[in-house]
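Please look through the sequence and the model below before reading on. The paragraphs after it go from the whole chain to single residues.

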Amino acid sequence: VLLLDEPTNHLDLETIEALAMALNAFEGGVVFVSHDERLIELVADELWVVNRGEGGKPGTVSVFNGSFEEYRDMLEREFTEADKKSKLNSKVLAARGAAASQ
């Protein structure tokens with residue numbers, strides 16, 4: 001089993017592609033942590049999503065059932081929705097502040 005933490009740091013594009021080919025040819029198991037979308041798309045068969053724990057509780061690890069592109073799209077939708085909620089909350093607070101000052 002190979003355990004790799006950010007294996008593409010300091011690698012150029014050609015070397016990242018060579019690494020991906022080598023990992024795909026490797027007969028054993030590979031677990032890697034990476035922010036490199038290219039490597040993830042080329043190599044990953046399964047995505048494990050790590051969520052931070054809150055309030056002293058431990059975090060969680062879950063398997064995402066879908067492709068990396070689907071995961072990225074889901075995150076984009078979640079961030080867009082969170083941004084809309086944040087802007088709405090700001091407007092509500094501004095309106096409350098204006099009403100309170102009258």
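The model is predicted. Its protein chain contains 3 helices and 4 strands, and read from the N terminus these elements are ordered β-α-β-α-β-β-α. The radius of gyration is 20 Å, whereas the globule rule gives 13 Å for 102 residues, so the chain is more spread out than a compact globule. The C-alpha trace spans about 70 × 35 × 25 Å along its principal axes.

Of the 102 residues in the protein chain, 17% are buried. As for charge, the protein chain carries 10 positive and 19 negative side chains, with 17 Å between the centres of the two sets.

In soluble globular proteins, nonpolar side chains tend to be buried together. Here the largest nonpolar core has 11 residues: Ala20, Leu23, Phe32, Leu39, Ile40, Val43, Leu47, Val49, Phe64, Phe68 and Tyr71. At least two residues of this core come from each of helix 1, helix 2 (37-43), strand 3 (47-51) and helix 3 (68-100). Helix 2 provides the largest share, 3 residues. One of the core residues is Ile40; leaving out residues up to four places away in sequence, Ile40 touches Phe32, Ser34, Leu47 and Phe68.

Is Thr8 buried or exposed? Thr8 lies in the loop between strand 1 (2-5) and helix 1 (13-25). Its relative accessible area is 8%, which is under the 20% limit, so Thr8 counts as buried. Apart from neighbours within four places in sequence, Thr8 is in contact with Ile16, Leu19, Ser34, Asp36 and Leu39.

Ala25 is placed in helix 1. Its relative accessibility is 53%, which is over the 50% limit, so Ala25 counts as exposed. In sequence, Ala25 and Val43 are 18 residues apart; in space, their C-alpha atoms are 10.0 Å apart.

Note on methods. Residues are numbered from 1 along each chain as its sequence is written. This is a predicted model: local features need pLDDT of at least 70, side-chain atom pairs count only at pLDDT 80 or more; totals for chains, interfaces and linings use all residues. Side-chain values use heavy atoms; hydrogens and water are left out. The radius of gyration is taken over C-alpha atoms; the globule rule is 2.2 Å times the number of residues to the power 0.38. Buried means under 20% relative accessible area, exposed over 50%, partly exposed in between (1.4 Å probe, protein chains only). Lys and Arg count as positive and Asp and Glu as negative; His and the chain ends are not counted. The place of a charge is taken as NZ of Lys, CZ of Arg, CG of Asp or CD of Glu. Contact means heavy atoms within 4.5 Å. A nonpolar core is a set of buried Ala, Val, Leu, Ile, Met, Phe, Trp, Tyr and Cys residues joined through side-chain atoms within 4.5 Å.
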